[in-house]
Amino acid sequence: MTNWIPLTESDLRTILNAAQIETLHTRPHRGGSADPLAAILEQTVARIRTEIRSCETNVLSEDETLIPPELKRTACQLALAEIPGLIRGFVLTESQEEAVDEALDILDRIRDGDLPVRVPTAPTPSPEVRTQFGLEVTRKRINRISGDQLNGL
């Protein structure tokens with residue numbers, strides 16, 4: 001098993017063309033952060049981890065900044081799609097727009113369980129479930145609600 005990896009600005013810059021890099025350096029961006037790419041990368045990682053978590057057969061890395069290495073390109077394409085909303089004059093090429101659509105399809109496949117992701121070397125600990133005679137033992141909390149509590153709803 002290979003460790004999961006962080007998503008970095010240098011990863012994102014590998015899929016940009018020269019005009020896009022120039023636009024990143026010269027144009028002001030919307031928002032208050034000094035580095036808009038850092039926020040975009042953080043949101044993209046969170047989005048991918050949410051999609052991975054949505055399929056119950058997948059396991060997440062304990063480190064919340066890591067993604068599976070096979071999703072690095074997908075993550076870069078998703079992050080790229082967010083840049084035009086923050087930087088005026090930043091335009092995606094037609095092939096980049098198609099790549100973003102493919103990345104969204106990959107996320108759909110992960111969410112549906114059609115595309116499993118590798119298990120990280122440091123997975124999140126699974127919650128302990130007490131079992132007795134092979135059956136799951138759970139407690140159901142019973143909340144009694146009075147008429148006074150429901151008054152005014």
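Is Glu70 buried, partly exposed or exposed, and what is its relative accessible area? In this predicted model, where local features need pLDDT of at least 70 and side-chain atom pairs count only at pLDDT 80 or more, totals for chains, interfaces and linings use all residues. Residues are numbered from 1 along each chain as its sequence is written, and side-chain values use heavy atoms, with hydrogens and water left out. Glu70 turns out to be partly exposed, with a relative accessible area of 36%; here buried means under 20%, exposed over 50% and partly exposed in between (1.4 Å probe, protein chains only).

The protein chain contains six helices and four strands, taken as DSSP runs numbered from the N terminus (helices H or I, at least four residues; strands E, at least two). Their order along the sequence is β-α-α-α-β-α-α-β-β-α. Of the 153 residues, 30% are buried.

Five salt bridges are found in the whole structure, each pairing a side-chain nitrogen of Lys or Arg with a carboxyl oxygen of Asp or Glu within 4 Å. Glu70 takes part in one of these with Arg118, with 2.7 Å between the closest N and O atoms. This pair links distant parts of the chain, 48 residues apart: Glu70 sits in the loop between strand S2 (66-67) and H4, and Arg118 in the loop between helix H5 (94-112) and strand S3 (131-132). Arg118 is likewise partly exposed, at 33%.

Glu9 and Arg13 form a salt bridge at 3.2 Å (N to O); being four residues apart in helix H1 (residues 9-13), they are separated by about one helical turn. Asp11 bridges to Lys72 at 3.6 Å (N to O).
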